[in-house]
Protein chains: 4
Amino acid sequence: MADKIRIGVLGASGYTGADLVRLAYTHPKIEITTLTANSHAGKPMKAVFKHFSHVTLPDLVTIDDADWSSVDAVFCGLPHGTTQAITKSIFQSHPHVKILDMSADFRLKDPAAYKEWYGLDHVATDIQPEAVYGLTELYRDDIAKARLVACPGCYPTAVLLSLVPLAKSGLIDATDIVIDAKSGVSGAGRGLKENTLFCEAGEGLSPYSVGKHRHSAEIEQEIGFAAGLDGLRVNFTPHLIPMSRGELTTSYVRMNQGASAADLRQLLIDAYASDPFVTVLDEGVLPQTQMVRGSNYVAMNVVPDRIPGRAIVISTLDNLVKGSAGQALQNFNIAYGLEETMGLKQLPLFP
Amino acid sequence: MADKIRIGVLGASGYTGADLVRLAYTHPKIEITTLTANSHAGKPMKAVFKHFSHVTLPDLVTIDDADWSSVDAVFCGLPHGTTQAITKSIFQSHPHVKILDMSADFRLKDPAAYKEWYGLDHVATDIQPEAVYGLTELYRDDIAKARLVACPGCYPTAVLLSLVPLAKSGLIDATDIVIDAKSGVSGAGRGLKENTLFCEAGEGLSPYSVGKHRHSAEIEQEIGFAAGLDGLRVNFTPHLIPMSRGELTTSYVRMNQGASAADLRQLLIDAYASDPFVTVLDEGVLPQTQMVRGSNYVAMNVVPDRIPGRAIVISTLDNLVKGSAGQALQNFNIAYGLEETMGLKQLPLFP
Amino acid sequence: MADKIRIGVLGASGYTGADLVRLAYTHPKIEITTLTANSHAGKPMKAVFKHFSHVTLPDLVTIDDADWSSVDAVFCGLPHGTTQAITKSIFQSHPHVKILDMSADFRLKDPAAYKEWYGLDHVATDIQPEAVYGLTELYRDDIAKARLVACPGCYPTAVLLSLVPLAKSGLIDATDIVIDAKSGVSGAGRGLKENTLFCEAGEGLSPYSVGKHRHSAEIEQEIGFAAGLDGLRVNFTPHLIPMSRGELTTSYVRMNQGASAADLRQLLIDAYASDPFVTVLDEGVLPQTQMVRGSNYVAMNVVPDRIPGRAIVISTLDNLVKGSAGQALQNFNIAYGLEETMGLKQLPLFP
Amino acid sequence: MADKIRIGVLGASGYTGADLVRLAYTHPKIEITTLTANSHAGKPMKAVFKHFSHVTLPDLVTIDDADWSSVDAVFCGLPHGTTQAITKSIFQSHPHVKILDMSADFRLKDPAAYKEWYGLDHVATDIQPEAVYGLTELYRDDIAKARLVACPGCYPTAVLLSLVPLAKSGLIDATDIVIDAKSGVSGAGRGLKENTLFCEAGEGLSPYSVGKHRHSAEIEQEIGFAAGLDGLRVNFTPHLIPMSRGELTTSYVRMNQGASAADLRQLLIDAYASDPFVTVLDEGVLPQTQMVRGSNYVAMNVVPDRIPGRAIVISTLDNLVKGSAGQALQNFNIAYGLEETMGLKQLPLFP
């Protein structure tokens, strides 16, 4: 391995893949050698994403034309269901390669759950046990040793970072959690859909996938682990917001006897005292997506509800960065023994 | 009274006042004779709101310079705390005048609650008992006889229309309601505040007034009445959304034994069967603010939660129309014995 | 003909068709009897445009299934190139029907120009001579007698209303006109295109079709007529703006000897003194799209350039209303001898 | 001078100052030691700009309380008219300090022009001759030796980079230039003004300062220098666009005999062949603000007009980065002999 780690990006024509390229391009230890996008193969990257007009990047190739032997790490930004076979093939044929999967395909431990939520049989169940759930702050040690990191969804990252320590501590009742989630439109991807047209999503607000969003599965799996509860269910209700980036989750929790919002907040402060990208805000300061845009930071806080015994836990991140490409890069740094913040130090862009 | 009813608008330089003028201008039975705006007195309305450049309206005058004897009805769009004295004065000196108050000043039955939430002593408690809470669909008969109508806040209109019938019916547990509310920026008014600048509110999402928004008081008062509970508390958590108009409330409710989301939905269908402005959407169709922009319609629906025993009640309206000026005009129509939909038949503007 | 005029809308699933339905629904003399949309035939209109959830409209049918004998007037909101055959067929088979065409197919007098700009042979050149260019304020008398009205494009409406009187008067040099045009995204229609996704068009600004936008042809045809010049060329450069509705054109003109910006402005005031929808703003007040949103108004003004001998003519309208469906309805009113403003009196929606 | 260069930022509570802080924080050779903001003195920076919640920065102080002897370089982000006295004082009392002025105060060579455009007498005319106009690509050598760099306005940066080489070459007629300019709302600053409220600027488009924007003075000065013409006038017409960041200028030029758009484009390619932040796009690719958001890049191109002899020159940048703080930092790098791109390598943020 040379001085730089050579990476390939599968699915470079999506928003997630493009944001990975944006961040990786200035990462001091990365050389981008392969970009795949089957439907755009043969084009230069700047023809597909014009904000890359200023720099030189490899042209797009098909997955089949990519040469995995000349790549050290693979970031996968393909849609779920399309990545298991290729991931398995790379995993098995190229033992030196580490895979940072940003899709949903290896997040769920239970193949039956995968089938239930994604409607497909999982075709790589044999390598599923190798996958580490890539929520960096909670699984850092496992990620350091992993060859396959299943990076969490954007919503789960915001939700779990703010709720898992609370569920684990027993300060809250994990069986009574309502999560009202809000996301910018980039979360829906670059595919052509009527509801993500400017005139449809702009100047308006829509709940969607109510009671059945797939990210529920990850959230329930991980809060269930934390609380030691099988078959846990939470309410998770997403809304589409007229902004491009950013995600904010407002979680309504019931506290166990004797706990206060201040206790919850202190527990989060302690939990993330040494984490470079998690900010528990000053008392009373409310998270807002403007605090994190374009960056790998998460901001969170706990606020008392006026109903005794209840608290409100709010968490925000940029869905394409800490919610996807940034967290994948953070995991890459850990997996390769690099400084965790390498290539991710950009402060949020505001306004 | 001549063929047309002469109206005055107090506070015509705010968004609420302006939207009342917009609607009233084309109302077949209204003549706009007086517009007040103390800080802009002497100016033509089109100097303050350029979208009135096409029509002729009375120039703005101070409240003191207005001649109430030449007005039949007064719409009050002033901020809370500033309207009690003038409202009382008009109410007592001009018995022929009906007052449609769009401020918060006469909404709370209990002066102590007013003081608690608004931080001020109420200075017109003697006329408070005359005030009818102007949630049209629930108090239509009282409004028909009222001289002072305290039109509800925007959030309470969305919340109460969707929850009061449920609370009254006993199908839900009124003591366990979480209301996650989202509003466009016009809800914050036209005053100069940093957080409503384009660059601050745009491309971002912020919770605000968590656990202490003043609209909680109205919501608790009316759901308490419906459920027959004193001192009821609900969770009410508002968020600022990067759009100008529109409001959507997502209410998480626990159902009483045996009830289903379908039951709740059917109850709302029955409750509003003859109401021209309330639309209970088809099964599975989710409300979105794009359905109501610029119109007096409310759209709502009930969706099952995947947690057994819980349901999600979603409601949306245009905060400046059904949430304020439109509902005031609807009440005006009722108070004057006109067709309830007069001047309010515009369909939503989309896109 | 009954009390109401029965209308059909071809292409009701596009933004233009939908805005026609929005306006026609509250028009006192219109009954909407037929809505076509081939790809959505069989669905209720509210399934395609949810803002119609509140009202009852005819279900969508295919063009072939529509019964033209039960319709008095047809509004055509189909894309160019698809309407000539059907328009011709209705025109010839149903002599009682008047056609208000919102497409581009009958705007150009010269079939060769049509072929040059639209890349297609015109297949209904025999009825082209019957078509009146539907720029209401300039061709009102012809429209009153027409059976086929070719309503102008959105940009041409804004440009021509502000420049034709000046070109005709000789106050400006029609051979030296630069038109910098800006449009909201709805001008691109509801078709699925990557560049009109929220994340692509939002928070950004793009010129497009520079030097070759098809609306150039109409603009040059009509300014050429006004100035008495054959083969006139103007610069016309459009830009896509992150807003849904609204269009503003900034035209840079060279004045002929002795003329001043004030002269140009006065000429426009005089030209439109009796036109209900054209507002020449007060001196120094600059048009902005916020003045016209959702309404049929046009606002314009002339401002001196600091370069001697030059002036800037600015014009704004809502591209879906005066730029399309509203103007079509205005022409309908004229063609049927109704009050010109009927169904179009809504004031602009602001904010 | 230690390993790091200590900087102070005057006016850190404005958008320009904050963006300088954002960029400087990750610059490897900078230590931020002083942040001033008179009206917020005593507060932590994160109380004024919440996107700095994640990092530690000096608290805000008044200008009077700042200790300039412990600072190596000063970036000035104050409004024009307020900076001359303090700049002069620092310049004269602290000879080791270099000043990067982002205000307009030292841009105009001619004090009479300053008075004409800014309405004030210049109070530091004695140091004006020391000021270098900080348009990096055109004055790099002078900047390397300067102690006072007057960084250009945002519009002038976009306009001049695209037009000065053309004016200098004689390929265009510098006396016949029309510049239609469009800017996001952050260009208007963070001050509280009604026209920059979300509800006023959103979903709409407004020309402003037509025929009298102050940036005209810089543009005319520099194009005049390039073309060798005294008293040159250009048309410059700005428009406010509903987006936070980004600026695009569309310049309409008349070419001198024999020149083509391709010649103009080639001349720009040659002029900027070795400049790291100027991108002349591929033939036919149109600049759009989405290509540069959050970055120090400028993208430009030349397109033929369909009118013979005319061309359209389009240029875009992020008004807060290359249009202000980024260019100041680029100049800082040059003035201190650092790599020109240091701290500025971030790629544009899209979407």
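Biologist: Leaving aside its neighbours within four places in sequence, which residues is C154(A) in contact with?

Modeller: They are H215(A), E247(A), L317(A), N319(A) and G323(A), where contact means heavy atoms within 4.5 Å. Do keep in mind that this is a predicted model, where local features need pLDDT of at least 70, side-chain atom pairs count only at pLDDT 80 or more, and totals for chains, interfaces and linings use all residues. Residues are numbered from 1 along each chain as its sequence is written, chains are lettered from A and ligands numbered from 1 in the order in which they are written, and side-chain values use heavy atoms, leaving out hydrogens and water.

Biologist: Why is C154(A) called buried?

Modeller: Buried means under 20% relative accessible area, exposed over 50% and partly exposed in between (1.4 Å probe, protein chains only). C154(A) has 13%, so it counts as buried.

Biologist: What makes α10(C) kinked?

Modeller: The bend at a residue is the angle between axes fitted to the seven residues ending there and the seven starting there. In α10(C), a kink of about 45 degrees is centred on Q327(C).

Biologist: How do you know that C151(A) is in no disulfide?

Modeller: A disulfide is a pair of cysteine sulfur atoms within 2.5 Å. By this rule there are 0 disulfides over all chains. For C151(A), the nearest cysteine sulfur, that of C76(A), is 9.9 Å away. C151(A) is also buried, at 1% relative accessible area.

Technical notes
Helices (H or I, at least four residues) and strands (E, at least two) are DSSP runs, numbered from the N terminus.
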